[in-house]
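I've got a new model open today and I'm jotting down what I look up as I go.

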Amino acid sequence: MYTGVPTVKQTAVYVYQTPVRIWHWVNALAITVLAITGYLIANPLPSLPGEAGDYYLMGNIRFLHFAAGYVFLVGFLFRLYWAVVGNRYSRQLFTLPFWRRAFWSELLHELLWYAFQEPEPRKYVGHNPLAHLFMVAIITVGGLVMMGTGFALYSEQTGLGSWQDELFGWVIPAVGQSQDVRMWHHWGMWVIVVFVMLHVYTAIREDIMSRQSLISTMISGWRMFKDDRP
């Protein structure tokens with residue numbers, strides 16, 4: 001007999017494997033450190049009184065920036081490896097089905113849903129098309145740009161013949177000059193910062209409004225789909 005209290009039916013799908021989840025949070029920490037230290041490098045703190053050797057504040061900030069950059073690079077290479085050996089959802093970060101007409105129609109639906117123009121969301125086991133597009137554009141393509149420009153600037157410190165110079169030194173003359181590379185690297189930071197804010201907002205919004213888990217999925221690996229049944 002119906003009691004008037006709806007029951008909730010939940011379906012769980014294992015999406016994100018443990019290495020992907022660890023990479024996600026380590027990468028998030030690395031990006032946070034890179035953004036904060038990068039901002040301070042571009043806008044240095046006022047000089048402190050006394051001997052510079054007693055503080056070495058900006059030197060420590062630069063060290064943290066470089067260390068986080070190495071973490072980001074190693075994590076990116078590992079993530080690329082796991083896209084090969086992991087499940088099919090781990091490959092979404094490096095593949096984009098732009099040739100499928102359905103992808104673009106679903107992308108439009110997601111845009112309308114986030115603009116409060118669609119009453120119901122569509123449910124996806126992996127990334128929805130809008131998230132998929134931005135993950136590839138910002139994390140993969142943007143990450144490559146940030147690593148290329150960042151290590152190119154770093155190669156000026158390590159010198160000619162270093163592996164940083166051998167792999168990334170060509171970026172500076174290709175772009176123009178060192179200051180041009182620095183500008184693009186700095187603007188890339190702001191693009192990623194805006195993306196992170198939108199990413200956090202949409203993840204929380206989806207958890208609340210779409211009846212499917214997002215935040216907890218990146219902790220447990222399981223995506224929960226909820227349906228109210230009378």
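Predicted model: local features only at pLDDT ≥ 70, side-chain atom pairs only at ≥ 80, totals over all residues.

**Entry 1: the parts list.** I started with the secondary structure, which comes to eight helices and two strands. Going from the N terminus, I read the order as β-α-α-α-α-α-α-α-α-β.

**Entry 2: H1 against H2.** Next I wanted to know how helices sit against each other. Two packed helices are described by the angle between their axes and the distance between the axes. For H1 and H2, I found axes that come within 8 Å and cross at roughly 150°. That makes H1 roughly antiparallel to H2, since an angle over 145 degrees counts as such. The crossing of H1 past H2 is left-handed. I sorted the residues of this contact by class and got 19 nonpolar, six polar and two charged.

**Entry 3: H1 against H7.** Which way do H1 (residues 18-42) and H7 (residues 178-209) cross, and at what angle? I got roughly 135°, with the axes coming within 10 Å. H1 and H7 are therefore oblique to each other. H1 passes H7 in a left-handed crossing. On the H1 side, I listed His24, Ile31, Ala35, Gly38, Tyr39 and Ala42 as making the contact. The H7 side brings His186, Met189, Trp190, Ile192, Val193, Val196 and His199. By class, I noted nine nonpolar and four polar residues in the contact of H1 with H7, and no charged ones.

**Entry 4: H4 against H7.** H7 came up again when I checked H4. The two pack at an angle of about 145°, and their axes are 9 Å apart. This crossing of H4 past H7 is left-handed. From H4, the residues in contact include Phe134, Met135, Ile138 and Glu156. From H7, they include Arg182, His185, Phe195 and His199.

**Entry 5: the largest pocket.** Time to look for open space. What is the volume of the largest pocket? I wrote down about 1100 Å³. It has 45 lining residues, and the closest to its centre are His24, Met135, Phe195, His199 and Val200. The elements that give two or more residues to this lining are H1, H3 (101-114), H4 (129-158) and H7. H7 has the largest share, with twelve residues. I counted classes here too: the lining of the largest pocket has 30 nonpolar, ten polar and five charged residues.

**Entry 6: the second largest pocket.** This one holds about 660 Å³ of space. I found 25 residues lining the second largest pocket, and Leu34, His65, Gly150, Leu153 and His185 lie nearest its centre. Two or more lining residues come from each of H1, H2 (57-85), H4 and H7. Which helix gives the largest share of the lining of the second largest pocket? I found that H4 does, with seven residues. By class, the lining of the second largest pocket has 16 nonpolar, seven polar and two charged residues.

**Entry 7: looking back.** One cross-check before I close the notebook. His199 of H7 is in the contact with H1, in the contact with H4, and among the residues closest to the centre of the largest pocket.

Conventions: Residues numbered from 1 in each chain as written. Heavy atoms only, no water. Axes fitted to C-alpha atoms, helices over the stretch in contact; angles between N-to-C directions. Helix = DSSP H or I, 4+ residues; strand = E, 2+ residues; numbered from the N terminus. Parallel < 35°, antiparallel > 145°, perpendicular 65-115°, else oblique. Left-handed = near helix turned anticlockwise from the far one by under 90°. Contact = heavy atoms within 4.5 Å. Nonpolar A, V, L, I, M, F, W, Y, C, P; charged D, E, K, R; others polar. 1 Å grid on protein atoms, 1.4 Å probe; cavity = no way out; pocket = protein on both sides within 12 Å on 5 of 7 lines; lining within 4 Å. Points joined across faces, edges and corners; volume = space filled by probe spheres on them.
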